[in-house]
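Subject: Structure handover

Hello,

Here is the structure I promised to pass on. My notes follow below it.

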Amino acid sequence: MNSIAVDHISKRYGTLQALDDITFTVSPGEVFGLIGPDGAGKTSLFRILATLIRPSSGTARIDGLDVEREMTQVRRRIGYMPGRFSLYPDLTVRENLDFFATLFGTSVDEGYDSIRAIYGQIERFAQRRAGDLSGGMKQKLALSCALVHRPSILLLDEPTTGVDPVSRKELWELLGTLKEQGITVLASTPYSDEIRRCERVAFLHHGQLQGIGTPDEILSRFAGIFLPPAPERHIAPNTPAPIAENTQSQHSQQDNIIEVKHLVKSFGTFRAVDDITFSVRRGEIFGFLGANGAGKTTAMHMLTGLNQPTEGTGTVAGFDIRTEHEQVKRHIGYMSQKFSLYGDLTVAENIRLFAGIYGMSSSDIGRKTDELLQQLHFAEHKHSRVDSLPLGWKQKLAFSVAIFHRPDVVFLDEPTGGVDPQTRRQFWELIYQAAESGITIFVTTHYMDEAEYCDRLSIMVDGKIEAIGTPEELKQRFQQPDIDHVFTLLARRAKRSDI
Amino acid sequence: MATLSFLLQKEFLQIRRNSFLPRLIVAFPIMIMCVMPWVMNMEVRGVVVDIVDRDHSVSSRQLVRRIEASHYFVFGGERSTYRAALSDIEHGRADIAVVIPPSFGSQLRQGESPNVLIAANAVNGTKGGIGSAYLAQIISTHGARTATASGMHSINLYNRHQDYKVFMIPALMAILIMMLCGFLPALNIVGEKERGTIEQINVTPVRKRDFILAKLIPYWIIALFVMTMCFLLAWAIYGITCQGSLWLVYLLAMLLAVTFSSIGLAISNYSETMQQAMLVMWFFVVILMLLSGLFTPVRSMPDWVYATTYVNPMHYFIDAIRTVFVRGGGIESIAHQVAALAVIALGTGTLAILTYRKNH
Amino acid sequence: MTAFQSFILKESRHILRDKRTMLILFGMPVVLMLLFGFAITTDVRNVRTVVVTAAMNPQTQRAVEALRTSEYFTLTAIAPTAEAAKEMIRRQKADIAIIFSAQGKQTAGIQVLIDGADPNMSQQWANYANGVIATALNNQQHSPSPAAAGSLASPTVSTRLLYNPQMRSAYNFVPAIMGMLLMLICAMMTSISIVREKERGTMEVMLASPVHPLMFIVGKLMPYLALAFAILCSILLLARFVLDVPIAGSFGMILAVSTLYIVLALALGLLISNVARTQLVALLMSAMVLLMPIVMLSGMLFPVESMPHVLQYVSAAIPPRYYIQAMRKLLIMGVGVESVTREIAILAAMASLLLTLALATFHKRLE
């Protein structure tokens, strides 16, 4: 008997066809991947299988039980982890786990064996509130909560969005061990390395099933979508000389758009950023890597003038971040982790607002808006409300708005979280264009393929910068084949509990 | 200035696009103005009187008929015993019981003063007190010359028809401005915090003053719009018009709008969630409103409570708007309130700008 | 531990850890009770009085003296003309003006000018002024004998103010505050807390678990029930020991009727949470649908009898009205349960109707 049998399932919301005649089966113990771009209908499918919504037509069975008629029995067998964090932020780790255990009529002690591997990693934070955990730890806790009652089928809707590469790897290693316990896993993911860890994958696009097969089959068949070629830089960057900390002082002040010395940010006794010193040269693409909770966002908030440093000094675009933060703001662009354009304004209105804040005149704004939208092939959406656009487009738009006023440097905080490889590639083309026009790029990311696109990288661990240099240098220095391995090597040295 | 105009455009677009706000801004004043003047009526009316007539003489029947005929009271019926009348009171069927003694008529004829008992349900002190006082007046003048002071009469200077609506409509304007200009900006900023858009604004070089002004000005304009609607509705529905200069009322409304929108913003600067902002705002609004003299006279309050009215913007506003709207006072009558309100508005406005931080 | 107990535990933690909300929830009753108990009164006090008189004769003197010494009036000025007095009232420097027009040694007439803006108060001021002056003048007239007065005597009146002899407004407001706060906590707080789970996505996990969703909801309601009782008790304690409002009726009955009312409010909260999708909508629905009508139409501040008939019908559909009525009878008047059967019956009917509706609209799935 199949663990999951989906038979001609369709789901429509009003006129929107979310799922269109989907049929597939998953055998017991299989790790099955559900992949496809944003809006492909993955979440609707998960919700149907979790008995949360009814299909418009077709049937689905979990362990032979119908998800509509035998709802209660189905609910006993599944573990479900929705896309967003489904934890109570004001309860502690242990309280969350206890709560979800009793929800399924078991206790943490009884189910401990099935969660040992994951929960073991976060058990020392049992008394910490879930809201204070980093993204990776939240995911581990959510997974523990979904596993504690030993379900026979685990439904995971994008469990690793916003999680750093090391935590992602650990998570998937754990999913692999579940197979030994006979647990079936159905998971969706935008990462190609995770897709490869599945036994079979189904590719959804616009609510339709495009293909089922082994990861390699699907990835090669739809290579254009999952493995797009790396974006090309038309002009070589002003080839940075090999960097060593001691040679930096030889560069003139003007070459360094960002100059940071002994920067510290403490929250109480906790040093989120612990004495970092580095510089970024004008015109380069600087990758600012680090695990969840390593202090990247805090450091970026100090550079952009959102936070005051506790100790240390720094200049951005020639202005002191401590005393001249409002001048700093005049010369930078910023794109935050959360999507932060106004959803209830149109594309043109958003551009107009932010351009206006930077003091552009109305006529300039009009002309340049049209130019930009032409360039993005986005002219027909000029008067669409931003919240009606797909995520990938929103991110491209947010980036364009962040550099619309021609800043000296633009800060991007995980700009490509949760989007498919093809869109990410298009996004990087925009970054390259901006860099070619002379804008310095300061970017954080959890995608290690993107890290390879940067001119220079720094890797933060426990609030300190552990390594800095070009991707090639780092690979050589740590003798690893790619940045992914360098990152994993360094991040695994982390000792401190992440915040 | 240019930045401000861009930010203002954004705020207006957002208010217009919102599915709920424009409707609220139009429907809420209409609803309040159409319904509330009828409700906010503290006039004591419909006091139900039970009579226990133990005399049944000509004179006592006359008294019963006089009470029955009074427009002020609703005649609940005659009961045979005091106990039966009391039971009516206990069940909420009557408010006052009048007991006429057995010898009422004969005592009167002999020039003695018979004693009539009035038992009033005084749980609601106003109703019981005013009802029984009025009833006592009817009874004590029964069959006698008026016993009040010679030639004493009183004249009401303003609100000649003693219409409660005239008194309450300025209060409703105050409540509307307080609700719309207090709660909406508070929810607005917390909303931007929750969506994360405020972070994007904070990394731009926008000046604090511009940002805050852009947040507040739309609500000031809304306040003016709402005031205009109130004037029109009061005139159209109730035929009540402003006795003094309209410009003075608009001036007062502006000052109150500035004060409350600033308080709303200051609260939202300290709140993480909408629920928090709403509850804290509600707390302040209730206290400011109850202690302002909106419903009850401030001078009846104990002295230590009365002292708080010196810092209560609502008190100055309600005092001043009633002077202009009901009594027809000019600027010289309300100069002191206008000055006080201006100081408070300036203070809260500064507070709103100071508590908003772009850099932590 | 059963699932049910863990629901209760979890929800209690949510409540206890949100310090700011807790502060307001418990601060609100205290502040309201103190305000209504001490600050908000319609007593006639400190009425600013102007006296207008051309020449002081002994009669006028006596009347002015009586006004000055009375606790109701504060003599603020003596004005030369009626016009000047009017201007003072217009400028809000005075509330009433008393004009003595004298002819020689005798006071010929007394005119009282009153700021009529507030009809209720102006009427009371007039009555009090009449009373004070009349007493002062009558005393002076050496009360002529009834025989001299000739004809008929007038009946005297003795007034007995039942239940609240000092006419304290606290007696009236305590039940009203109970009605408002219990509704606010039970309906508004619970609906927001359920909708918050929907927004956070925890509801999704809950629904995908084998526990019956209703059990989850009931478990969620329990701590709010406890909170409501805690607030009820603190109101009663404040009323009894701080405001000196006697708790005349049986405590058991008060508790029983309150429980019925709390159940009704919880059902209402559940109903709102079934309809609302976001916290903001739940918040606004509770504020618009619950708070405004309760404050305005339940007879808490404004007497229902004075409203137009249409509004009286609307007010008849508002549950707190009956609860407040029942509490006034049980708490203040101390009457037996037989006097509140009607209120109890209506509340019970409303509660079961709302409960049925809430359960009927409850979703076991996301849509």
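**Where to start: Thr423(A)**

Thr423(A) sits in helix H15 of chain A, residues 421–436. Helices here are DSSP runs of H or I with at least four residues, strands are E runs of at least two, and both are numbered from the N terminus. The model is predicted: local features need pLDDT of at least 70, side-chain atom pairs count only at pLDDT 80 or more, and totals for chains, interfaces and linings use all residues. Residues are numbered from 1 along each chain as its sequence is written, chains are lettered from A and ligands numbered from 1 in the order written, and side-chain values use heavy atoms, with hydrogens and water left out.

Is Thr423(A) buried or exposed? Thr423(A) counts as buried because its relative accessibility is 15%. (Buried is under 20% relative accessible area, exposed over 50%, partly exposed in between, with a 1.4 Å probe and protein chains only.) Leaving aside neighbours within four places in sequence, Thr423(A) is in contact with Gly392(A) and Lys396(A). Contact means heavy atoms within 4.5 Å.

**Chain A against chain B**

Here 34 residues of chain A are in contact with 25 of chain B. The two chains bury about 2700 Å² between them, 56% of it on carbon and sulfur atoms. That is accessible area (1.4 Å probe) lost on being put together, summed over both parts. On the chain A side, Leu306(A), Tyr342(A) and Ile357(A) lose the most area to chain B, together 24% of what that side buries.

The rule finds one salt bridge across this interface. Arg17(B) and Glu349(A) meet in a salt bridge, 2.8 Å from N to O. The rule asks for a side-chain nitrogen of Lys or Arg within 4 Å of a carboxyl oxygen of Asp or Glu.

**Other salt bridges**

The count over all chains comes to 51 salt bridges. One of them joins Arg17(C) to Glu95(A), at 2.8 Å from N to O. This pair crosses between chains, from helix H1 (residues 3–17) of chain C to helix H3 (residues 93–103) of chain A. Arg17(C) is partly exposed at 22%. Glu95(A) is buried at 12%.

Within chain B, Glu192(B) bridges to Lys10(B), with the closest N and O atoms 2.9 Å apart. Glu192(B) is in helix H7 (residues 164–195) and Lys10(B) in helix H1 (residues 2–17), so the pair ties together parts 182 residues apart in sequence. Glu192(B) also meets Lys215(B), at 2.7 Å from N to O. Shared partners join Lys10(B), Glu11(B), Glu192(B) and Lys215(B) into one salt-bridge network.

Best wishes
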